[in-house]
Amino acid sequence: MEDGKVKASEAGTPQGAVISPLLANIYLHYAFDLWAERWRRREASGDMIIVRYADDIVVGFQHKADAERFWSDMAQRLATFALKLHPDKTRLIEFGRFAADERKRRGLGKPETFNFLGFTHICACSRVGRFQLRRRSRRDRLRSKLREIRDALWQHRHASLNEQGSWLRHVVAGYFAYHAVPTNGTALGEFRRVVAWHWLRALRRRGQRDKTTWASINRLLQRWVPPIRILHPWPSVRFAVKHPRWEPYAGVPPVRFCAGGAQ
């Protein structure tokens, strides 16, 4: 039903319908998951990692040849189910702990990044020089969220400070609940600072005599807006809780190539 009118459809599911994610997961379970697991057992010559969330997929490989063969076979597999890979979002990139050194040896630039589930994934180094997978909130999604907050503050700028502060507390807490992952502190700080700037501008536009200052905004932030704090554990810690006998990198070859569509 769109705009109150029922329309029959013989292909696909309605965009935004409640049932669409469930149907997509059921369909992809048979169209992709079972096949990919079988491909990993029978075809892969090295280590292989598969991550799928709805229709977003990232697959990591130890060997480039495996990535290329999987990409070709995956396109053929999905075609038999009337599906196809997105031409712009499906890429084969060199990624992992050795990617930077190998690209530098060949005279290339830094390793490419990829977007997945609202984060940009980056090859980086820790303070002690070890490889670190860095996750940053996607800049386009962050800016879109900030525009929504700006518009809402503008529309409700004449509401009481308690109402505005209570609303902002829930919005910022909800954003942090998902995005407060390790290595993402810079993006969280940017988000909180821009929220403060939009709140200041909205309050100053309530009237020509309004003299809201940064000092008063900072007091409001301390009262209403949650502070920057990492809420999620490191991936290795989370994995170790689910798999107590797992030891980091014990006999696991490094994943060096990624193939798949990310949104």
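## Where α5 meets α7

Let's start at a meeting place of two helices: L161, N162, G165, S166 and R169 in α5 meet L220, R223 and W224 in α7, where contact means heavy atoms within 4.5 Å. The model is predicted, so local features need pLDDT of at least 70 and side-chain atom pairs count only at pLDDT 80 or more, while totals for chains, interfaces and linings use all residues. Residues are numbered from 1 along each chain as its sequence is written, and side-chain values use heavy atoms, with hydrogens and water left out. Helices (H or I, at least four residues) and strands (E, at least two) are DSSP runs, numbered from the N terminus.

How are two packed helices described? The description uses the angle between their axes and the distance between the axes. Axes here are lines fitted to C-alpha atoms, for helices over the stretch in contact, and angles run from 0 to 180 degrees between N-to-C directions. Helix α5 covers residues 161-179 and helix α7 residues 214-224; they pack at an angle of about 55 degrees, with their axes 9 Å apart. The two are therefore oblique to each other, given that angles under 35 degrees count as roughly parallel, over 145 as roughly antiparallel, 65 to 115 as roughly perpendicular and the rest as oblique. The crossing of α5 and α7 is right-handed: a crossing gets that name if the near helix is turned clockwise from the far one by less than a right angle, and is left-handed if anticlockwise.

## A closer look at R169

R169 sits in helix α5.

Leaving aside neighbours within four places in sequence, R169 is in contact with R223, W224 and P226. R169 and L221 are 52 residues apart in sequence, and their C-alpha atoms are 9.1 Å apart in space.

## Helix α4 and its partners

Next comes helix α4 (residues 139-155), which packs against helix α6 (residues 185-204) at an angle of about 20 degrees, with the axes 9 Å apart. The two helices are therefore roughly parallel to each other, and α4 passes α6 in a right-handed crossing. Among the residues of α4 that take part are L142, I149 and W154, while those of α6 include F191, V195 and W199.

Helix α4 also packs with α5, at an angle of about 170 degrees and with the axes 12 Å apart. That makes α4 roughly antiparallel to α5. Here L142, K145, I149, A152 and L153 in α4 meet Q164, W167, L168, V171 and Y175 in α5.

## Aromatic rings

A pair of aromatic rings is described by the distance of the centres and the angle of the planes. How many aromatic pairs does the structure hold? There are 12. Rings of Phe, Tyr and Trp (its six-membered ring) pair if their centres lie within 6.5 Å; planes under 30 degrees apart count as stacked, over 60 as edge-to-face and the rest as tilted. F95 and F114 form an edge-to-face pair, 5.1 Å centre to centre, with 70 degrees between the planes. F95 lies in the loop between β3 (90-94) and α3 (99-105) and F114 in strand β4 (residues 114-116), so the pair ties together parts that are 19 residues apart in sequence. Both F95 and F114 are buried.

Elsewhere, F32, W35, W39, F61 and F70 form one aromatic cluster. R157 lies over the face of W154, at 4.0 Å from the ring centre; a charge sits over a ring if NZ of Lys or CZ of Arg is within 6 Å of the ring centre and within 35 degrees of the ring normal.

A82 has a positive phi of about 60 degrees although it is not a glycine, and with a relative accessible area of 71% A82 is exposed. L117, in the loop between β4 and β5 (119-125), has a positive phi of about 55 degrees and is not a glycine either. L117 is partly exposed, at 27%. G118 lies in the loop between β4 and β5 and counts as buried at 8% relative accessibility.

Finally, K7 lies in the segment before α1 (20-42) and is exposed, with a relative accessible area of 57%. The C-alpha atoms of K7 and R105, 98 residues apart along the chain, are separated by 57 Å.

Definitions and conventions. Buried < 20%, exposed > 50% of the residue type's maximum accessible area, 1.4 Å probe, protein only.
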